[in-house]
Number of protein chains: 2
Amino acid sequence: MSQSRDAILKAYHGYLACLNARDWAALPRFVTTDVIRNGAPLGLTGYRALLEGDVRAIPDLAFEPSHLVCDPPLIAARLVFDCTPVGMLMGLPVNGRRVRFTENVLYEYRDGRIAQVWSVIDRTALEAQL
Amino acid sequence: MSQSRDAILKAYHGYLACLNARDWAALPRFVTTDVIRNGAPLGLTGYRALLEGDVRAIPDLAFEPSHLVCDPPLIAARLVFDCTPVGMLMGLPVNGRRVRFTENVLYEYRDGRIAQVWSVIDRTALEAQL
């Protein structure tokens with residue numbers, strides 16, 4: 001599968017649309033079965049469980065990049081979340097408050113799908129809003 | 001000044017070498033006078049003060065990218081820090097312990113210099129080591 005800049009950008013937009021539609025059945029089109037996140041070999045099952053947990057904690061979670069940086073086989077994104085987590089989030093009692101925080105995340109693509117993820121979420125910014 | 005991928009990569013490596021050498025006098029070659037960091041218009045003076053503060057807190061701070069993603073005018077980096085902060089760091093009492101944490105950071109280049117920075121540091125990983 002193509003790993004050109006355009007192909008990776010298209011695949012990444014498809015991945016975000018998949019998450020925003022909660023279309024978990026389609027996730028294997030966008031993520032490899034042996035995906036690794038922040039060094040942890042979650043695999044597709046573990047990665048899907050992580051995403052499902054995020055959406056349970058944040059029912060109105062929308063994945064919207066403010067910036068994309070694509071340099072095959074890598075792509076980096078800055079994601080800006082404007083949402084209302086229902087209970088605890090990253091150990092913090094958000095409890096339905098509306099919060100805004102960011103994630104800077106890098107991905108490595110292999111054969112058109114996400115094989116590795118390196119994510120940092122701005123928990124400090126979240127904490128400052130509580 | 002060139003904003004090609006190679007030119008930005010070269011300028012970014014120069015910027016990291018400048019930081020690692022604590023060569024603050026050279027910083028204007030790498031950073032615009034009106035630099036903005038995470039939405040704050042620090043300017044070169046404020047940005048230099050921030051970096052000098054980081055180095056006071058972490059005398060052995062070394063800026064080493066594990067991944068670079070260059071897509072002009074943007075470049076993203078994952079920086080891995082393996083260091084011994086002397087006192088408090090990001091509100092946490094590190095007090096000379098050796099810690100390892102990461103930063104995912106995006107930069108926008110303008111005329112060969114850094115004009116905007118969007119940084120997220122993994123404070124949670126740091127906290128988990130204390």
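Asn95(A) sits in the loop between strand S5 (92–93) and strand S6 (99–110) of chain A; strands here are DSSP runs of E, at least two residues, helices are DSSP runs of H or I, at least four residues, and both are numbered from the N terminus. The model is a predicted one, in which local features need pLDDT of at least 70 and side-chain atom pairs count only at pLDDT 80 or more, while totals for chains, interfaces and linings use all residues. Residues are numbered from 1 along each chain as its sequence is written, chains are lettered from A and ligands numbered from 1 in the order in which they are written, and side-chain values use heavy atoms, with hydrogens and water left out.

Asn95(A) has a phi near 50 degrees, a positive value in a residue other than glycine. Most residues other than glycine have a negative phi, and most peptide bonds are trans. Is Asn95(A) buried or exposed? With a relative accessible area of 52%, Asn95(A) is exposed; the term exposed stands for over 50% relative accessible area, buried for under 20%, and partly exposed for values in between, using a 1.4 Å probe and protein chains only.

In chain B, Asn95(B) lies in the loop between strand S5 (92–93) and S6, and at 53% relative accessibility Asn95(B) counts as exposed. Setting aside neighbours within four places in sequence, Asn95(B) is in contact with Pro85(B), Val86(B) and Gly87(B), where contact means heavy atoms within 4.5 Å. The C-alpha atom of Asn95(B) is separated by 27 Å from that of Asn38(B), a residue 57 places away along the chain.

A positive phi is also found at Arg22(A), about 55 degrees, although this residue is not a glycine. Arg22(A) belongs to the loop between helix H1 (5–20) and strand S1 (31–37) of chain A, and a relative accessible area of 24% makes Arg22(A) partly exposed.

What of the helix itself? The 16 residues of H1(B), residues 5–20, should span 22 Å at 1.5 Å a residue, and the end C-alpha atoms are 22 Å apart, which agrees; the expected span is 1.5 Å times one less than the number of residues. Among the buried residues of H1(B) are Ile8(B), Leu9(B), Tyr12(B) and Leu16(B). The buried residues of this helix pack against strand S1 (31–37), helix H2 (43–57), S2, S3, S6 and S7 of chain B.

Next, the prolines. The peptide bond from Pro72(A) to Pro73(A) is cis, with omega near 5 degrees, and Pro73(A) falls in the loop between strand S2 (65–71) and strand S3 (74–83) of chain A. Pro72(B) and Pro73(B) are likewise joined by a cis peptide bond, with omega about 5 degrees, and Pro73(B) is in the loop between S2 and S3 of chain B.

I turn now to the interface. In chain B, 23 residues are in contact with 23 residues of chain A. The two chains bury about 1,900 Å² between them, 62% of it on carbon and sulfur atoms; buried area is the accessible area (1.4 Å probe) that two parts lose on being put together, summed over both. Val69(B), Asp71(B) and Val120(B) supply 29% of the area that chain B buries against chain A, more than any other three residues.

How many salt bridges are there between chain B and chain A? The count is four, a salt bridge being a side-chain nitrogen of Lys or Arg within 4 Å of a carboxyl oxygen of Asp or Glu. One joins Glu127(A) to Arg123(B), with the closest N and O atoms 3.8 Å apart.

Salt bridges also occur within the chains. Arg123(A) and Glu127(A) meet in one at 3.7 Å, N to O, and both lie in helix H3 (residues 123–128) of chain A, four residues apart, about one turn of the helix. Glu127(B) pairs with Arg123(B) at 3.8 Å between the closest N and O atoms. At 14% relative accessibility, Arg123(B) counts as buried. Salt bridges that share partners join Arg123(A), Glu127(A), Arg123(B) and Glu127(B) into one network.
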